[in-house]
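Here are my notes on this one, jotted down as I went through the model. Have a look at the structure first, then see whether you read it the way I do.

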Amino acid sequence: MLEEIVDRLEAGGGLGKDELAALLLSDDCAGIDYLKRRARYAADCIYGKNIYIRGLIEFTSYCRNNCYYCGIRCGNAKAQRYRLTQEQIMECCKSGYALGFRTFVLQGGEDEFFTEKRICSIVYGIKSQFPDCAVTLSIGEKSRSNYQAYFGAGADRYLLRHETANQEHYERLHPKELCLENRKKCLYDLKEIGYQVGAGFMVGSPFQTFDTIYEDLQFIRELEPHMVGIGPFIPHKDTPFANACAGTLEMTLRLLSIIRLMHPRVLLPATTALGTIHPMGRELGIKAGANVVMPNLSPVEVREKYQLYNNKICMGNEAAEGLRNLRNRMTEIGYQIVTDRGDFRRE
Ligand code: SAM
């Protein structure tokens, strides 16, 4: 039964609501193993045994937004705030480049200090010094003209998880100033401008249901992003969702596999959050069809301050040590971290 659903999915036949529920709920171990193996095979056919790394630079923990799930929300008075200077960001890139990183991801809260001009200057600086590298931005909802300007300065990719494609669910995760319609519009603007775009959502976020996940998959199908970031929701003690349950490893793995089969070419990270809820989370993510990992390149002294959720991994590891560990862990499961921009493969 599960095998038939998986075969149909692999053949491009899509997924009904009942079939999604069957895949997410089933305790048929052989069927679920088949789902993960087919997803891994689909990734192997396009990206082989290569695992792409992205150097994550968390350059500001200031945020004007107050998302109920996020540890750096502006309403969290206990959050420690910091900003990296352009020089510090360039230092992160320099050490990352020497380690073999060819993509740098600049991620942060929506921090108004980083005006269009400042972001363009940072992007331009990185692209001038490291022309063979890709720059990914993950700095939230901006105007179309901002996105156009960053693109003009050399930004290649943009990560903006849609968080949930269901209107009511969106309203239960965000304050009223934020709206799903604008989030979606940003994603379409980014795509039209020419970015490689990443959407995504948290698995097991409060009030998530099979119906909302079904809508997430439909939205992803419609948008056709180049990347999909999904990872478990993990509560943060100083947010309104402090006592909510975390998303599970198993649900995240099954969704990674489903997304891989629906979008064989998509760049799919085994996220830090997945590595946080289980010691082998990232390896299991790769085995379920993921092909990207995003080690932290931020200076060790600021990492504690970028706490989106509690118990985040790799807080104290120097970038070089963290990468060495990861390289060994990937080799042990038969995969190799490569020095490559790791662009989306159209064909
Ligand atoms: N401000 C940018 C934005 O809105 O896209 C980027 C930074 S934001 C903190 C990056 C992502 O972290 C969000 O898209 C969200 O899915 C994830 N995140 C935030 N809080 C989380 C939590 N408690 N558990 C897991 N992921 C979380």
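1. Start with the packing, bearing in mind that this is a predicted model. The largest nonpolar core has 65 residues, and Ile126 and Tyr150 touch the most other members. As background, nonpolar side chains in soluble globular proteins tend to be buried together.

2. What does tyrosine 150 contact, leaving aside its neighbours within four places in sequence? The list runs to Glu116, Ile119, Cys120, Val123, Leu137, Ile139, Lys142, Ala155, Tyr158 and Tyr195. Two of these come up again below: Leu137 stands opposite Tyr158 of strand E5.

3. Strand E4 (residues 134–138) is worth a look. Five of its five residues are buried, so E4 is largely enclosed by the rest of the structure. Ala134, Thr136 and Ser138 point one way, Val135 and Leu137 the other, and all are buried.

4. On one side of the pairing list, E4 goes with strand E3 (residues 103–108), parallel, over five bridges. Valine 135 in E4 is the bridge partner of phenylalanine 104. To get from E3 to E4 the chain passes through helix H5 (residues 116–129), in a right-handed β-α-β crossover.

5. E4 also pairs with E5, again in the parallel sense, here over two bridges. The chain reaches E5 from E4 by way of helix H6 (residues 144–153), and this β-α-β crossover is right-handed too.

6. Cysteine 120 counts as buried because its relative accessibility is 16%. Cysteine 245 is in no disulfide either, with the nearest cysteine sulfur, in cysteine 70, 19 Å away. At 64% relative accessible area, cysteine 245 is exposed.

7. Two backbone angles to check. Most residues other than glycine have a negative phi. Glutamate 163 has a phi near 75°; it lies in the loop between strand E5 (157–159) and helix H7 (167–173), and counts as buried at 9% relative accessibility. Phenylalanine 207 also has a phi near 75°. The loop holding phenylalanine 207 runs between strand E6 (196–203) and helix H9 (210–223), and at 41% relative accessibility this residue counts as partly exposed.

Terms used:
Residues numbered from 1 in each chain as written. Predicted model: local features only at pLDDT ≥ 70, side-chain atom pairs only at ≥ 80, totals over all residues. Heavy atoms only, no water. Helix = DSSP H or I, 4+ residues; strand = E, 2+ residues; numbered from the N terminus. Buried < 20%, exposed > 50% of the residue type's maximum accessible area, 1.4 Å probe, protein only. Disulfide = S-S within 2.5 Å. Core = buried A, V, L, I, M, F, W, Y, C linked by side-chain atoms within 4.5 Å. Contact = heavy atoms within 4.5 Å. Pairing = 2+ DSSP bridges. Right-handed = clockwise from strand over helix to strand, strands pointing away.
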